[in-house]
Amino acid sequence: MLSPDLIAAIKDGLAAMSLWELVAVILALAYLILAMKEHISCWYAAFISTAIYLFLFWDVSLLMESALQVFYLVMAVYGWWQWRHHADKQQDLAIHCWPLKTHLRVFATVGVLTLVFGYGLAQNTEAALPYLDSFTTWGAVITTYMVTRKVLENWIYWIVIDATSVYLYLDRGLYLTALLFMIYLVLVIVGFYQWYAIYKREQQHEHVAS
């Protein structure tokens with residue numbers, strides 16, 4: 001249950017929110033829903049939403065989150081190219097899993113980068129929540145790449161990142177964006193099961209064909 005104070009703060013934040021944040025939220029939701037359906041137009045929504053968030057995060061001193069949006073812009077183009085490239089060749093990029101050792105390397109890498117960049121931000125900038133900011137940023141970097149390559153486990157990664165992001169955005173007064181990530185937490189679970197069903201179906205087809 002949300003406390004009365006938090007509910008009141010969210011209402012105040014919604015009343016004061018900018019039109020730009022509303023547009024960014026709507027497009028971010030569109031991106032996730034379209035990605036769940038493996039629809040290539042998700043990358044158009046991602047690009048525009050990301051461009052808006054780049055400035056919004058900078059304005060509230062989430063420096064790593066703002067820098068992350070630059071990466072998202074590049075990955076939106078890369079993801080569109082990857083999905084279109086395979087579709088044009090009638091060789092759809094198949095949903096697949098990474099081995100455990102790859103995930104362990106990812107965990108170690110994200111952990112080290114979080115500590116290094118968090119410390120650097122804490123010592124040299126006025127960044128808010130530098131370690132959490134760094135964790136969500138570097139976690140999102142690898143997870144976004146996983147989406148472009150249709151790695152099934154990307155949805156599990158997003159659960160952790162989005163849950164952390166909810167706290168981060170509430171702390172900075174981005175209440176509508178925090179609400180968006182609460183919705184994300186539900187949608188990523190749905191997305192996982194949707195992709196998992198497709199993955200199992202494709203595996204069965206490959207088994208029959210072999």
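Tutor: Gladly. Helices here are DSSP runs of at least four residues, numbered from the N terminus. Keep in mind that this is a predicted model.

Student: Which helix supplies the largest share of the lining of the largest cavity?

Tutor: H7 does, with seven residues of that lining. Helix H7 covers 154-171, and H2 (19-36), H3 (42-59), H4 (63-88), H6 and H8 (175-209) are also among the helices that each supply at least two lining residues.

Student: What makes a residue part of the lining, and how many residues line the largest cavity?

Tutor: A lining residue has an atom within 4 Å of a cavity point. The largest cavity has 31 such residues, and Tyr31, Tyr72, Trp158, Phe181 and Tyr184 lie nearest its centre. By class, the lining has 22 nonpolar, seven polar and two charged residues.

Student: What is the volume of the largest cavity, and how many cavities of 30 Å³ or more does the structure hold?

Tutor: The largest cavity has about 440 Å³ of space, and the structure holds one cavity of 30 Å³ or more. The word cavity applies because a 1.4 Å probe fits there but cannot get out.

Student: Why is Thr137 called buried?

Tutor: Buried means under 20% relative accessible area. Thr137 has 4%, so Thr137 is buried. Thr137 sits in helix H6, and, leaving out residues up to four places away in sequence, Thr137 touches Met64, Glu65 and Leu68.

Student: Why does Met182 count as partly exposed?

Tutor: Partly exposed is the range between buried, under 20%, and exposed, over 50%. Met182 is at 29% relative accessibility and therefore counts as partly exposed. Met182 belongs to helix H8.

Student: What does Met182 touch, not counting residues up to four places away in sequence?

Tutor: Val166 and Leu170. Touching means heavy atoms within 4.5 Å. As for Ala163, its C-alpha is 7.4 Å from that of Met182, and the two are 19 residues apart in sequence.

Student: How do you know which way H5 and H6 run relative to each other, and what is their crossing angle?

Tutor: Angles run from 0 to 180 degrees between N-to-C directions. The axes of H5 (residues 100-124) and H6 (residues 130-148) come within 8 Å and cross at roughly 145°. This crossing is right-handed. Residues making the contact include Val106, Leu113 and Phe117 of H5 and Tyr131, Trp138 and Ile142 of H6. By class, the contact has 14 nonpolar, five polar and no charged residues.

Student: What is the angle between the axes of H2 and H3, and is their crossing left-handed or right-handed?

Tutor: The axes of H2 and H3 also come within 8 Å and cross at roughly 145°, but the crossing of H2 and H3 is left-handed. Among the residues that meet are Trp20, Leu27 and Tyr31 in H2 and Trp43, Ile52 and Leu56 in H3. By class, this contact has 18 nonpolar, one polar and one charged residues.

Student: And the chain as a whole: how many helices and strands does the protein chain have?

Tutor: The protein chain has eight helices and zero strands. Buried residues make up 44% of its 210 residues. Of the contacts with a separation of 6 or more, 72% join residues 24 or more positions apart.

Terms used: Residues are numbered from 1 along each chain as its sequence is written. This is a predicted model: local features need pLDDT of at least 70, side-chain atom pairs count only at pLDDT 80 or more; totals for chains, interfaces and linings use all residues. Side-chain values use heavy atoms; hydrogens and water are left out. A crossing is left-handed if the near helix is turned anticlockwise from the far one by less than a right angle, and right-handed if clockwise. Ala, Val, Leu, Ile, Met, Phe, Trp, Tyr, Cys and Pro count as nonpolar, Asp, Glu, Lys and Arg as charged, and the others, Gly among them, as polar. On a 1 Å grid over the protein atoms alone, a cavity is a set of points where a 1.4 Å probe fits but cannot get out, and a pocket is an open set with protein on both sides within 12 Å along at least five of seven lines; lining residues have an atom within 4 Å of a point. Grid points are joined across faces, edges and corners, and a volume is the space filled by probe spheres set on the points. Buried means under 20% relative accessible area, exposed over 50%, partly exposed in between (1.4 Å probe, protein chains only).
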